[in-house]
Amino acid sequence: MARGGDSLNGFVDSGCTIRGELEFSTYFRVDGRVEGTVRSKSELVVGEGGVVEGEVEVGRCVIGGEVRGTIKATELVLLHASAKVYADINAPSLVMEDGAFLEGKVSMDTKTVKKNTTKADVAS
């Protein structure tokens, strides 16, 4: 479930395709296909079988499937190990699990990046 107990606002199941503009207010999950523009101040989840092609502008974007286009998040982009992302990303926080694939440019506004971050351990 979405952060903060938000309830599911909508769902695109496998085998379904939406073309055009998608706007939602709380939490939306894609296990099918969305082509076009996705906008929300809340959370978009792209499941392992989900595909989103186009422009994504959301608060949080959690990806386990495939995204092609651009992603702009005001809070966070999280790429699970199964994610395949062919997109430019603009977000104050990007988390990638081992195995996630990303091809594209990543940009962060220095004013919105969290100041209390920790460095990853580096193997020598």
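**Figure 1. Glu 75 and its salt bridge to Arg 60.** With a relative accessibility of 28%, Glu 75 counts as partly exposed in this predicted model. The side chain of Glu 75 meets that of Arg 60 in a salt bridge, with 3.2 Å from N to O. Arg 60 belongs to strand β6 and Glu 75 to strand β7, so this pair ties together parts that lie 15 residues apart in sequence. Arg 60 has a relative accessible area of 7%, and therefore counts as buried, since the cut-off is under 20%. Arg 60 also has a place in the strand pairing, as the bridge partner of Glu 43.

**Figure 2. Strand β6 beside strand β7.** Strand β6 covers residues 51-63, and strand β7 covers residues 66-79. These two strands run parallel and are joined by twelve bridges. To find your place along the pair, look for Val 51, which stands opposite Glu 66 of β7. Glu 66 also forms a salt bridge with Arg 68, where the closest N and O atoms are 2.6 Å apart. Arg 68 is partly exposed, at 34% relative accessibility.

**Figure 3. Arg 19 meets Glu 35.** Here the side chains of Arg 19 and Glu 35 form a salt bridge of 2.9 Å, N to O. Arg 19 sits in strand β2 (residues 17-23) and Glu 35 in strand β4, so the contact ties together parts that are 16 residues apart in sequence. Are the two partners buried or exposed? Arg 19 counts as exposed, with 64% relative accessibility, while Glu 35 is partly exposed at 21%. Glu 35 turns up again in the strand pairing, where Glu 35 stands opposite Glu 53 of β6.

**Figure 4. Strand β4 beside strand β6.** Strand β4 takes in residues 33-39 and runs parallel to β6, with seven bridges joining the two. A handy landmark is the pairing of Glu 35 with Glu 53 in β6, which stand opposite each other.

**Figure 5. Glu 21 and its neighbours.** Glu 21 is found in strand β2. Its relative accessible area is 59%, so Glu 21 counts as exposed. Which residues does Glu 21 touch, leaving aside those up to four places away in sequence? They are Thr 37 and Arg 39. Val 38 is another residue to look for: its C-alpha is 6.0 Å from that of Glu 21, although 17 residues separate the two in sequence.

**Figure 6. Strand β5 and the directions of its side chains.** Strand β5 spans residues 43-46. Glu 43 and Val 45 point one way from β5, whereas Leu 44 and Val 46 point the other way. All four of these residues are buried.

**Figure 7. Strand β5 with its partners β3 and β6.** Strand β3 (residues 27-30) runs parallel to β5, and four bridges join them. Within that pairing, Phe 28 has Leu 44 of β5 as its bridge partner. Four bridges also join β5 to β6, and these two strands run parallel as well.

**Figure 8. The whole chain, for orientation.** How many helices and strands does the protein chain have? The count is zero helices and eleven strands. The chain has 124 residues, and 38% of them count as buried. Among contacts with a separation of 6 or more, 4% are between residues 24 or more positions apart. The accessible surface comes to about 7300 Å², and carbon and sulfur atoms account for 48% of that area. The structure holds nine salt bridges, including the pairs Arg 19 with Glu 35, Arg 60 with Glu 75 and Glu 66 with Arg 68. Through shared partners, salt bridges also join Arg 19, Arg 33, Glu 35 and Glu 53 into one network.

Conventions:
Residues are numbered from 1 along each chain as its sequence is written. This is a predicted model: local features need pLDDT of at least 70, side-chain atom pairs count only at pLDDT 80 or more; totals for chains, interfaces and linings use all residues. Side-chain values use heavy atoms; hydrogens and water are left out. Two strands pair if DSSP finds at least two bridges between them. A salt bridge is a side-chain nitrogen of Lys or Arg within 4 Å of a carboxyl oxygen of Asp or Glu. Buried means under 20% relative accessible area, exposed over 50%, partly exposed in between (1.4 Å probe, protein chains only). Contact means heavy atoms within 4.5 Å. Accessible areas come from the Shrake-Rupley method with a 1.4 Å probe; for residues, only the protein chains shown count as cover.
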